[in-house]
Structure formats: structure tokens, C-alpha cells
Amino acid sequence: MAKQIRIALRNCGVIDPERIEDYIARDGYMALASVLTDLSPEAVIEILKKSGLRGRGGGGFPAGIKWEITRNVVADQKYVVCNADEGDPGAFMDRSILEGDPHVVLEAMTINGYCTGASRGLIYIRAEYPLAVERLKTAMGQSRSMGLLGENILGTGFNFDIDIRYGAGAFVCGEETALIHSMEGLRGEPTVKPPFPSVEGYLKKPTNVNNVETFANIPIIINKGWKWFSSIGTEKSKGTKVFALAGKINNVGLIEVPMGTTLREVIYEIGGGIQYGKAFKAAQTGGPSGGCLTVKHLDTPIDYDNLIAAGSMMGSGGLIVMDEDDCMVAIAKFYLEFTVEESCGKCSPCRIGNKRLFELLEKITQGNGTMDDIDKLRNLGTVIKETSLCGLGQSSPNPVLSTIDNFPEEYHEHVTGKKCRSKVCKSLMQYLVVADKCIGCTLCARNCPVDAISGERKQVHFIDQSKCIKCGACMDKCKFNAIIIN
Amino acid sequence: MNMVKLIIDGKHVEVPENTTLLKAAKTVGIDIPTLCYFELKDMNIENRPGGCRVCVVEVRGRRNLAPACNTMVAEGMEVFTHNIRVLNARRTVLELILSDHPAECLTCSKNGNCELQSMAQQLGVREIPYAGEQSKYRKDTSPAIIRDVDKCIMCRRCEMMCNDVQTVGALSAVNRGFMAVVAPAFEMNLEKSTCTYCGQCVSVCPTGALTEVDHSRNVINSLADPAKTVVVQTAPAVRAALGEEFGLEPGTLVTGKMVAALRRLGFDYVFDTDFAADLTIMEEGSELLDRLTRYLKGDKEVKLPILTSCCPGWVNFFEHNFPEMLDIPSTAKSPQQMFGPVAKEYFAKKLGIDRKNMIVVSIMPCLAKKYECQREEFKVNGDPDVNYSLSTRELAHLIKQSNIDFNALPEEDFDNPLGASTGAAVIFGATGGVIEAACRTAYELYTGKKLEKVDFTELRGLENIRHATLDFDGLPINIGIAHGLGNARKLLEDIRAGKSQFHAIEIMACPGGCIGGGGQPYHHGNSEIIKQRSAAIYREDSGKPIRKSHENPFIQELYREFLGKPLGEKSHHLLHTHYFDKSVGDFIEE
């Protein structure tokens, strides 16, 4: 645990999230009080800019600059939106913050309202997070009753209140323009930027959209100062990042580490290494549209820029570890299946292109691929990234492109050798009987659900490949290890 | 206005700020291909969802390619519209779109008129390397429009027309990912939706996803049946656009050639909807005067404004959206539906034939007319007053497949008695025309004086909502005009709120009026074509010897011989109708 620093998660598991007193006892609402009484909006924005805090939702846009842009637009009404539409499979850092420390989000949004000139905040949250919603509502009730939210906050004359909006779980609604359309009651699909939401967002009004984790960093930066915050992390990525560790690793769960921590530290020191002592093969960062890092990236400091340079991205902080048993072609296909499902369908490269990528991967994993198909994957993936309308399509080919780049030999084996070294792609597998081990006990034949195994008693058995469905029942039943996968 | 300097393909360009790269490139002769983008210039109609991604260009310093339709110029920007990266991306995107599009070009009704087909040709696509599964949907046929959305490319033009321009809201994107498509809510049939059949979705669809229901086969069969007397009527806007289908300049009037072609197709009588338009003015104009005089006398029963009712898309619209105001529109039937009973109850009797043996065909710039002629209230014992309504496009196909060299045809005249018309009838085809025609007659009937200046130019033009006050010999008459149903909605909401100052309002469902109708030759977003058609209509009017409906001698004869007087017993029975509350969709029952 020594490598970890808890900033965003500092209160999670420490305080009772349903008691505002617990939050206040941990310096809660102190930042809001000092902002409202001692600091001008410009001064707060300056602190944020100097702190180097970048958006934790995935894009990494400097938070202070975003706030400043929203502040500088003249409008009769502005909005603060908290993006709590956590959609990456396996990611639950926003959920943990909302469930474990709801007040920090309310406090940060209120500070944002003061800085940008917004009087209304909206939290766009997945309806699948009922506990988070409940705790937010409890927290909002408490802070209103204590004069920390609503009219005349802390007697300063500043008014700001927050509402909750529910998302129906579409992945693309995490994209800020799609999120805004969804809140407006429209189809949740993105529109071309610019105009950016900071200039023209919810109901065409300037809208500052930040992610839950970004907000969770704000009060402590104000309390402890920008110098403290910017001392943590790398040159261009300051502070910490929460990752959701998952996959073939011993310690799974949320971790929070300084920017610049290496993958090796994350996997071997915090994660406790690979399960069953197997070899590390790759780590997928950035969720389903991120890319994979390999052994050669183990000592690369993890920050926004290095991840992009490595063909992946920070995303919201999913980190899935794969070992030697994982087939990288099948992994790419798995992620594509998700993005094909979650594309909104608005722009043609994402709508049709991702489907075609998936089909090509399926063709390869079924043993029907050609070398030309790998070229097609490369070209198509590049074009989808370059031409798609929003971040979803601009990143969805990453798993394909990065696995082709990092594991070209696995693709070649699938195509030319019709072989899956990790024995994952069933179409490429053959169950065979090893003649000198088979004693002809007939157990395998009796357990085969499709009668693919023939052979007389005490004779060597034979598997008819045209009938075999690769269920593996024969191998499981054989007591003599006489069945192997080719 | 601040000017911005940039470089496109090495050329220095200077354009006003907030110009798109697409338009900036056009100023220096660079025509970036587009597919979803659509604009009717000067008519406030624009679609740029940035969805097709065919117009992508490279902007120096940007990681990704940028859609030219949706990227604004910036000082010092350097843009490349056809370098290898852009060409490869553009072609790949088009290949993707084609990979999810049925290769049915040979038998598709948009063959030769399809923007996707032209784009494939323009970019020289000869194979589709990314072939794969295609999205399949249920085909949906309504009385006027066929949805074959396997051919939908998600350009969203129809959705923009239906929602933003027409405010009908029948079409929107449904599903997501690969199965995303534009459809009525819950993918119900169009017929069950609030669709008005205005056909504007059809007129902007770049592919064959939205087309009209084709009745030309029925017409061919009728013409071949010796037992039937087949009568045809042609709407005013058709003559101003039909020539485009035969390579003539937009705005070429082809009235005489059209008559000749119809005769060669085998119609027994070639008549004119313009005759019925004159008749409409007699009825609608009289109704206007009747309501106006009673209103001025303080009759509280009378409601103003009176709204025109000759546009069937508009009738559908208010039946769906303003059911509490069904008593405000004029009860006069549309010219198409006035022509029907006059042909079958008056002319057929003159000929001594049974109405069942007469087939009335209409040629219309409109798709809603297909629905209108099938309405139950326009049938006598199941026999429709108008049997089939063909669009201008269908007529052109009919002429082409009958080996008629249209451009070589002589100019011929309509048959009488139902072929004679005035200039007032012709202008029905353009927005503002019906109310102008009505005012020419109403003025003279009301004041008893001769109208010297028949051109009410203040009622013409293409502004969305227009208003003018006419002087009826000291009585100011406030006229409102709207074209496009979204504009109509605004006027209707004013009426509902009691804020309307108008005595009479003309409404046409389609932008530009009938000349921009859903059944006209495809304009592919060129608003100049619509303007030229409009000019042609007014040219035809000013060339007519008689320009007021009530002076049409055959109309006078019709009243003498058959109808009696406007708003009389017979007129009431044959030429007026009533409206229905369609605000509750049928789908609720299902």
C-alpha cells in the first residue's frame, strides 16, 4: 500500500457517507467556506490552473482552463454538470466516491458554480447506481438544511442548487455532448464540437461538465494549495489517478496512485502480481476503447501523455491485466463487441466501421482470416479513429490497433497457421487422442454430447473433427491425460 | 463582418468568420463531396449533423480529420481536401456506407437519381472491400410513402425536414449502433404516426429509402381498359417542373407539351386542375366574404381568420395537431377533390356514362394527394371521386416508358369544358398564390368595383411567414401566409392564443408551396430550382388573357348549368367537406 496516495478516495471507507458531520470533521465544506468568503472566482481558477489538475473522465483537459472558459462566456444562465455516467465495464471509481463521499462532489460543484457564475448544478448519474443516488439525495438534504446548498449559502448571498438526472446506461452518454442531449430529453448522441459545452451546452447555455473524480480533487486542492497538489505526479500530469484493477491479478479493486507510477509497481507491488504465478502479457487501460500495454511498457510512468504515446489512453481508469493464457485477437474482438453494441449509430465510420472490424476479427478467430484482413483491420481502424464524430469512435479501434502493433505474431498465427497459442479461439482448436496414452476405456465416447468419438473397447479412440463442437467434455473426463488440444 | 484568411489546397481564401470549410472551399472552386449535408439556400433549411463523414478534410495541426460541413474557418488555418490521407479516409467511409446498402441499383426507384450512387461513381468505387452483414428492417408502405429503410444511410435529412422544418415529428432516429435507423416512434407504421404525407422526407432523401407509392401501373391498366373513360387533371405546379425530368432548364413551362404527352398516353380527356382551382376560388372566396361580412356585422358565431384548405398535407396536420380548431379552415375541398365530383357527377352525365366507368387520374406535385383521394368521405359507394393520383415524377416515368420524345412534342391545348382556366388558378402552385387568387375575386365581389392591379406582389416571395394588409376599398384586410408546416404551427398557435390579427391565412405544407412539393422532380438541395419554378408560375399567370377566377366563362357555365351558386345546395354537397379529429393515434389500441 505504500505506493498509494489517497486524494480522491480520501474519505471513502473512512467516514459515514450518510453523516455530513463526518465529512465536516474531515475538513469538509472548509474549501467552500474559504472560497465564498476569501477568494474571488478568478483566484480559485488560478489555483486550479496552477495545480495542473486535468479532467479525470478520460480526455485529460485542464480543469482550470475549462472553468475559465465557462466563466468568460456571458450568459443569463449557466450550468454545472457532474458526469456520473460511469460506463466502462469494470470501472467503479465514480460509484465508490458517490457512495462513500457524496458531499465532496456537492461541495466541488458548488465551488464550480461560484467560479463559473452558474446557479444550477445537475448530476447525470446512471439509474443502475441506486445506492449512489440515495446517498446523494441524503447528502443534498443535509447540506441544504445546514445552509451549504440552496439559497444564500453560508450567509454569503450566493445561491446554488443541484438536481439529479438519470441516465439509462448508454455508454455513449458519458460523452459530454451526448450527455447533455440526454438530459435535454433528446436522443443521447453526440454533436460536433465546437461549440464546446462550456460555451453552448445544456439548453444552449454555457455548461461546465466535469467528472466525479475531477470534482473529488477540487476541495482538497483549495485546502492544501496548488503547490502541494502539483508536487505529486509527473511534469504534465499532476496528482493521483484512481484505477480499477481487474483481470488476472492477485489483488483486484480500486487503487489510487500518483501519476507517473509504473505499470510494474501497479501490478507487482500493489496488485500482488499475476495469479497463479503466470506470466504477465498485457494490460488494457482506458476501458473498452483503450489499448493494451505490454511487457515493454512495464516501466513506463503512467500518465496521460505516455499512455497516448503507447497507443492507449487514460480513459476513466480501468486497468485489466492479462496473462499468458489470454489470446490478444480474442481480447480485441471482445472489446469491439462492446463498442459495436454501444455506438450510437450517428456517424458512419463508427456505426458500420466497428461492425466490420468485429466481423474481420471474428473471421480471423474462426480460422478464415487472410493476411489481407490484417491490412484491412489496420486501415479501417485508422480511418475510424480519424473520421469518427466523437470520442467513442475516435478510440474504439484502439484495442485492435494496439494488439496488432504489440502482438503481430498472434494475428499471423491465427491467419497463416490457423492456430491460437492461448487455446482460446475454439474454431482453431483440435481435440486429439494421444494413441499411446489411450487405453480404450470408452469414457470419453460415452460423455461426448455429439457422438464425435468412436473406438472399440480397449482400442485407441478417434475424434471426428467434423462433428466435434470443442466442448472439452472428453478432456475433462479422461483419466489418463490421453486427450490434448492441438 | 470580420474576415478570416486561410489556405485551402494551397489557395489563399478570405471569407467571413463563421463560414464552414465547405463553403469557404466553394469560393475558390473546390467542391468537397457531401452526403448527409443538405441546404435549401434562402429558405432557412439546413441539415449538417456531421454524420456521414464523407466531407472530411485534413487541417494542419489537428490529430483527426475534420468534417468540412461542420468545421468553421479560423485565421491561418491550412486545409487539405484531397491529399492521400483524406482521399483514403473518404473512400473508406464511402465503402463502409456502401457495404451496408443493398446493391439493388438496377431495380431501385431512385436509380439515376440517387446521391449515394452518384457519389460512388464520383469517387470511382469499383468494389466494396468491407463487405459484411447488412442491416435489415421491415418495409413499411403507407397510402403515399414507402419506407425501405434497408437503404437508409442515416443522413437524417428526413428527420430534419419532419421535425425542424415541418414540426410533424413522425420520423426520428431509433435503435443504436449498427441497427440505428430513422423511423416512426416504436417503429410503428408511418400510417399510424402523425405523418401528414407532405412528402418532404421523400424530396430530400438521398437514396431510395423513402419513395412514393407508385400508382402508374394502375393508370396504365385503366388506359388499356376499353370500358373506361379515363380523364386526367394536372395541377398548376406540374407544368413548371415536369420539363426538368427531360433535361429542360428549371422554370421552363411545358404546359402544351404536357397536354400533348397526356393525349399520346391515351387519356380520353386532358383537363386541368386549374379549372377546379378557379372553382375553389369561387367557393372559398365566397366563404371568406360570407364569414367576413357576418363577422363585421358582429356575428359572434363567426370565427376569423379563415384558413385555406386546398393543401392535403396541411389538412392532415391540423387534424392531428389542432383538433379543437377544425371549424376554422375553409370547408372548401381542394381543387383535386373538386375536380373529381365535377368530372363524375357533371361531365360523366354530359357524356351519358356511369360514374363507375369513368376513371379520374390526377397529376400532382404532391404525395399527400395520394392519401387525400383515398379518404372515405371522397368516395361515392366505394367509388373514389379521384381514382389515382400520380406525382410529377411518376408522370415523367410514364412518358419515358411510353416511347414519347417529350421535347419533340407540339404544344397542345387542354380539352373543354374542364380544361379552361385563368391566371388566378395557375398561381395556386406557389406560396401565396391561393390567397392572391382569392383576393382578386373577393375584392371585386365585395366592393363591386373592377380590380385594376391584379398583381398583389406583397403576397409573393419565399419568406417563411408573410403578412400584408390589402385595401378592400377602405376596408383593411389582413392576410397571413405560411409555407412549411413549422411556420403554419406558429400562426396556428397565435390563433389558439387569441393573438392572431389576420382575417385570412393561406397555408401550404411544403416550403415554396406546391412548386416545392414532395412529388416534384428532385431538386437535390438547389433552391434556385424552386425559385425558377415560382417565376414560371407567375409568368404563366401574367400571360393569361383572363386572370380572375370568376371571369372564367366555363366556370360561369358550370354554375349556370349545374351548380347554381357558390355555397349553394349543390356546392355544399359536392364541393365542401368536413374535418376529423386525428389527435389520438391508432397505435394506442394495438
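Across the interface of chain A and chain B, the rule finds 22 residue pairs in polar contact, both residues at pLDDT 80 or more; such a contact is a pair of N or O atoms within 3.5 Å, where within protein one must be able to donate a hydrogen and the other to accept it, and residues adjacent in sequence count only if both atoms are side-chain atoms. The model is predicted, with local features needing pLDDT of at least 70 and side-chain atom pairs pLDDT 80 or more, while totals for chains, interfaces and linings use all residues. Residues are numbered from 1 along each chain as its sequence is written, chains are lettered from A in the order in which they are written, and side-chain values use heavy atoms, without hydrogens and water.

On the side of chain A that touches chain B, the elements giving two or more residues are helix 13 (328-342), helix 14 (348-365) and helix 15 (371-387), helices being DSSP runs of H or I with at least four residues, numbered from the N terminus. Helix 14 of chain A gives the most, with eight residues.

The contact (heavy atoms within 4.5 Å) takes 30 residues from chain A and 33 residues from chain B. The buried area, which is the accessible area (1.4 Å probe) lost on putting the two parts together, summed over both, is about 2,700 Å², and carbon and sulfur atoms give 50% of this. In chain A, Arg351(A), Arg356(A) and Glu386(A) lose the most area to chain B, together 22% of what that side buries.

The rule also finds four salt bridges across this interface, each a side-chain nitrogen of Lys or Arg within 4 Å of a carboxyl oxygen of Asp or Glu. Arg176(B) and Glu342(A) meet in a salt bridge at 3.2 Å, N to O.
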